[in-house]
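Welcome! Try each task before you read its solution.

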Amino acid sequence: MEIKSVIRIGYIGCGARGQGVLKECLAQMRDVEIPVICDLSRDRMDAANAILASFDRPAAAMTEDWRTVIADPTLDAVFFMNGWENRAAMAAAAMRAGK
């Protein structure tokens, strides 16, 4: 198993809970990159990118389709900060994709 110095995370769900975890945890971790965020709301994705910018982190690409996040071969992991309705199917798809 390869040991990585930086973990690349796809971030799904940019509502209040998602923004809180991003601000209070992940955006502060220098060994974590968040190259892509996903939400159904452009405003929430903009808010998430503003949080990243406040920690001098690069802006993440934005998408409304969680499937593109899971399919991204450059990502090591996926965080699900969305509602419970689809989370089991999303998690199963992420595991099948090796996340």
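A residue counts as buried when its relative accessible area is under 20%, as exposed when it is over 50%, and as partly exposed in between, using a 1.4 Å probe and protein chains only. The model is predicted, so local features need pLDDT of at least 70 and side-chain atom pairs pLDDT 80 or more, while totals for chains, interfaces and linings use all residues. Residues are numbered from 1 along each chain as its sequence is written, and side-chain values use heavy atoms, leaving out hydrogens and water.

**Exercise 1. Find Asn-82 and decide: is Asn-82 buried or exposed?**

Step 1. Go to the loop between β4 (77–80) and α4 (87–96), where Asn-82 sits. Helices (H or I, at least four residues) and strands (E, at least two) are DSSP runs, numbered from the N terminus.

Step 2. Compare with the cut-off: the relative accessible area of Asn-82 is 14%, so Asn-82 is buried.

Step 3. Look for its partners, where contact means heavy atoms within 4.5 Å. Setting aside neighbours within four places in sequence, Asn-82 touches Ile-12, Gly-13, Arg-17, Arg-87 and Met-90.

**Exercise 2. Describe helix α2 from end to end and side to side.**

Step 1. Start with length: α2 covers residues 42–54, and its 13 residues span 18 Å from first C-alpha to last, close to the 18 Å expected at 1.5 Å a residue. The expected span is 1.5 Å times one less than the number of residues.

Step 2. Sort the residues: Met-45, Ala-48, Asn-49, Ile-51 and Leu-52 of α2 are buried. They share one side of α2 because they cover an arc of only 150 degrees around the axis, judged by the directions from the helix axis to the C-beta atoms. On the other side, Asp-43 and Ser-54 are exposed.

Step 3. See what covers the buried residues of α2: the cover includes α1 (16–24), β2 (32–38) and β3 (61–63).

Step 4. Check the ends. Ser-41 caps the N-terminal end, with a side-chain oxygen 3.3 Å from the backbone nitrogen of Asp-43. Just after α2, Asp-56 has a positive phi of about 55 degrees.

**Exercise 3. What pattern does the protein chain follow along the sequence?**

Step 1. Count the elements: the protein chain has four helices and four strands.

Step 2. Read them in order, and the pattern is β-α-β-α-β-α-β-α.

Step 3. Among contacts between residues at least 6 apart in sequence, 71% join residues at least 24 apart.

Technical notes. A polar contact is a pair of N or O atoms within 3.5 Å; within protein, one must be able to donate a hydrogen and the other to accept it, and residues adjacent in sequence count only if both atoms are side-chain atoms.
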